[in-house]
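Student: I am new to this structure. Could you show me how to read its features one by one?

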Amino acid sequence: MTVDGGREGLRERKKRRTRAHISAVATGLFVERGFDQVTIAEIAEAADVSVNTVYNYFQAKEDLALPPDEASPRRYADIVAARRSGEPAARAVLRRLREEVGRRDRRLGLTEGFGRFHEMLLAAPTLTARLENLAREMVDALADLLAAETGAAPDDPLPRLVAAQIGWVHEQVLMDIGRRTAAGEPPDAIAEAALRLLDVIESLLGERVLTYAPGKG
């Protein structure tokens, strides 16, 4: 709920700040000590809130490291659903990835200090399992959207194959960013490399993928 012509209300602003504070405290503890070595009670104490308050904002401990609003299973589907009129699904995702690289979006890990956070993620089996499951869910959601939009028959493999190709694009970008981050490259250099990689990837995708499911606006 907002007031005064759409400005954020005091209550909403306070909730957003509390959520951000808890998340920042938790992230600092995870990076310092490792995800599995930190408890919700310790996060609550460090953030100066109750355990119940932490759970009011984050349903599970994993949500503190991978917030659902930043690691959504509908990431691809939402990008494609909001694409421009006439813009094919794959090109919409390529465009969004380039935009995110350009603004050094934290979803792609293009921020200072991401290296240690990335190491923490890879060292926590529950988080790597969540990332793997999230990748499958993103492809599933996009495949369902593409099938619905194109009127594909239930046994038509094309929507899922295109969705899988788009998922592969995203995976390659994230893997390259992760590798360069681990090697200690600065965010600006990593971003430049990511843009070059996207150009190469686009050149490898076939026309059938790049022209599939144009947006209807």
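The dialogue below goes through rings, charges, backbone angles, a helix and a pocket.

Student: What kind of model is this, and how are residues numbered?

Tutor: This is a predicted model, in which local features need pLDDT of at least 70, side-chain atom pairs count only at pLDDT 80 or more, and totals for chains, interfaces and linings use all residues. Residues are numbered from 1 along each chain as its sequence is written, and side-chain values use heavy atoms, with hydrogens and water left out.

Student: How many aromatic pairs are there?

Tutor: A pair of aromatic rings is described by the distance of the centres and the angle of the planes. Rings of Phe, Tyr and Trp (its six-membered ring) pair if their centres lie within 6.5 Å; planes under 30 degrees apart count as stacked, over 60 as edge-to-face and the rest as tilted. The count here is 2 aromatic pairs. Take Phe30 and Phe35: their ring centres are 4.8 Å apart and their planes meet at 55 degrees, so this pair is tilted. Phe114 and Phe117 form a tilted pair too. Their centres are 5.9 Å apart, with 45 degrees between the planes.

Student: Which charged residue sits over the ring of Phe35?

Tutor: A charge sits over a ring if NZ of Lys or CZ of Arg is within 6 Å of the ring centre and within 35 degrees of the ring normal. Here the charged end of Lys61 sits over the Phe35 ring, 4.4 Å from its centre.

Student: How many salt bridges does a search of the whole structure find?

Tutor: Side chains of opposite charge can pair when their charged atoms come close. A salt bridge is a side-chain nitrogen of Lys or Arg within 4 Å of a carboxyl oxygen of Asp or Glu. The search finds 19. In one of them, Asp188 meets Arg104, with the closest N and O atoms 3.1 Å apart. This pair links distant parts of the chain, 84 residues apart: Asp188 is in helix α10 (residues 187-204), Arg104 in the loop between α6 (89-102) and α7. Helices (H or I, at least four residues) and strands (E, at least two) are DSSP runs, numbered from the N terminus. Asp188 is partly exposed at 47%.

Student: Which helices does the Asp140 and Arg160 pair link?

Tutor: Asp140 and Arg160 form a salt bridge of 2.8 Å, N to O. Asp140 lies in helix α8 (residues 125-150) and Arg160 in helix α9 (residues 158-182), 20 residues apart. Asp140 is partly exposed, at 33%. Arg160 is partly exposed, at 41%. Glu185 and Arg180 also meet in a salt bridge, at 3.2 Å. Glu185 is partly exposed at 27%, whereas Arg180 is buried at 19%. Glu87, Arg95, Arg96 and Glu99 are linked in a network of salt bridges.

Student: What does phi show for Asp48 and Arg104?

Tutor: Most residues other than glycine have a negative phi, and most peptide bonds are trans. Asp48 is not a glycine, yet has a positive phi of about 60 degrees. Asp48 is in the loop between α2 (40-47) and α3 (51-57), and is exposed at 70%. Arg104 has a positive phi of about 55 degrees. Arg104 is partly exposed, at 28%.

Student: Which residues of α7 are buried?

Tutor: An α-helix has 3.6 residues a turn, so residues three or four places apart point the same way. Phe114 and Phe117 lie 3 residues apart in helix α7 (residues 114-123), about one turn. The buried residues of α7 are Phe114, Gly115, Phe117, His118, Met120 and Leu121. They pack against α1 (10-33), α4 (61-65), α8 and α9, where contact means heavy atoms within 4.5 Å.

Student: Which element gives the largest share of the lining of the largest pocket?

Tutor: Rolling a probe the size of a water molecule over the atoms shows where empty space is left. On a 1 Å grid over the protein atoms alone, a pocket is an open set of points where a 1.4 Å probe fits, with protein on both sides within 12 Å along at least five of seven lines; lining residues have an atom within 4 Å of a point. Grid points are joined across faces, edges and corners, and a volume is the space filled by probe spheres set on the points. The largest pocket holds about 1,100 Å³ of space. Its lining has 41 residues, with Leu66, Arg107, Leu121, Leu131 and Leu174 nearest its centre. The largest share, 9 residues, comes from α9.

Technical notes:
Buried < 20%, exposed > 50% of the residue type's maximum accessible area, 1.4 Å probe, protein only.
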